[in-house]
Amino acid sequence: MHSTRDERVILEATDVWRTYTRGDETIHALAGMSLTVRAGEMVGIVGRSGSGKTTFLNQVGCLDKPTRGSLKIVGHEVTCLDEKRLVEFRRDHVGFIFQLFYLIPTLTVWENVELPLIFAKRRDTDRVMEMIRKVGLEKNANALPGQLNGGDMQRVAIARALINQPKLLLADEPTGRLEHESRDAIMELFRRLQGEGLAIVIATHDLGLAQQTEGVVELKDGRIVQDRHENPARAWEQPREAGG
Ligand code: ADP
Ligand code: MG
């Protein structure tokens with residue numbers, strides 16, 4: 001495995017393609033997608049339904065393999081890993097959260113957060129407590145997911161996604177099912193995690209939400225049509241104070 005020169009590069013996707021065939025129909029869900037994300041960066045991926053956002057996150061999250069192209073995560077090329085190593089790589093290096101949370105309803109908040117540690121045979125009570133505190137759920141540690149509101153369920157999912165200390169967090173429409181206030185609170189939590197050095201990629205069809213990230217890329221037909229993320233003239237940034 002090769003290591004990238006720039007240690008701060010967490011994700012380096014280069015010319016990634018994912019092609020599906022259905023009968024004699026060929027769909028390029030991704031058609032040459034490239035994106036670089038560094039530690040402490042939060043990038044929003046926008047685009048209409050069907051533009052390839054979920055497909056891209058699934059490739060980066062090692063849930064699926066690109067038809068061609070290169071995907072480097074923390075310096076490791078993941079496209080050449082076999083199934084077993086891919087599962088381990090995903091467990092240790094990528095956190096993933098979804099619109100529908102996917103919590104286990106019969107387990108408490110604590111147990112949901114702890115689960116990936118148990119799978120990794122790394123039981124660590126302090127770590128579970130630390131993550132539950134970090135997402136602000138210490139009062140709900142013994143609650144079942146069904147007793148929480150949507151925003152708090154997503155907090156549980158975030159704590160679970162980060163329990164194995166990945167450097168990259170992927171979020172697929174993370175606020176799609178949330179009320180406005182919960183949405184803002186989750187964005188605030190993302191910003192705090194970003195401040196701690198996490199690299200975050202959020203796919204959303206909500207441009208308003210994406211504009212709260214520091215960089216936005218727009219996907220259309222599986223490729224970037226506009227890359228404000230790499231553009232030095234970052235229109236979304238607040239102007240810096242003179243002399244500051
Ligand atoms: P988005 O998340 O932006 O809504 P998707 O990544 O889900 O977009 O889908 C991108 C394109 O790929 C769509 O045209 C979709 O129909 C197609 N697609 C996604 N998954 C599959 C699949 N498993 N088989 C065939 N086509 C798929
Ligand atoms: Mg999607």
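Two strands count as paired if DSSP finds at least two bridges between them. Keep that in mind as you work through this predicted model.

**Exercise 1.** Place the strands in their sheet and explain why β2 and β5 each have a side without a neighbour.

*Solution.* First, write down the order: β2-β1-β4-β5, an open sheet of four strands with antiparallel pairing. Next, look at the edges, where β2 (25-38) and β5 (76-77) stand. Each has a single partner strand, so one side of each is left without a neighbour in the sheet.

**Exercise 2.** Decide whether helix α1 is mostly covered or uncovered, and see what follows the helix.

*Solution.* Helix α1 spans residues 53-60, and seven of its eight residues are buried, which makes the helix mostly covered. Among the buried ones are Phe56, Leu57 and Val60. After α1 comes cysteine 62, with a positive phi near 60 degrees.

**Exercise 3.** Work out which element gives the largest share of the shell around ligand 1.

*Solution.* Begin with the surrounding residues, including Tyr20, Ile27, Gly50 and Lys53. The elements giving two or more residues are β1 (9-22), β2 and α1. Of the shell, α1 supplies the largest share, three residues. Sorted by class, the shell holds three nonpolar, seven polar and two charged residues.

How values were computed:
Residues are numbered from 1 along each chain as its sequence is written. Chains are lettered from A and ligands numbered from 1 in the order in which they are written. This is a predicted model: local features need pLDDT of at least 70, side-chain atom pairs count only at pLDDT 80 or more; totals for chains, interfaces and linings use all residues. A residue is buried if 20 or more other C-beta atoms lie within 10 Å of its own, exposed if 12 or fewer, and partly exposed in between; C-beta atoms are placed from the backbone. A residue is near a molecule or strand if its C-beta atom, placed from the backbone, lies within 6 Å of it. Ala, Val, Leu, Ile, Met, Phe, Trp, Tyr, Cys and Pro count as nonpolar, Asp, Glu, Lys and Arg as charged, and the others, Gly among them, as polar.
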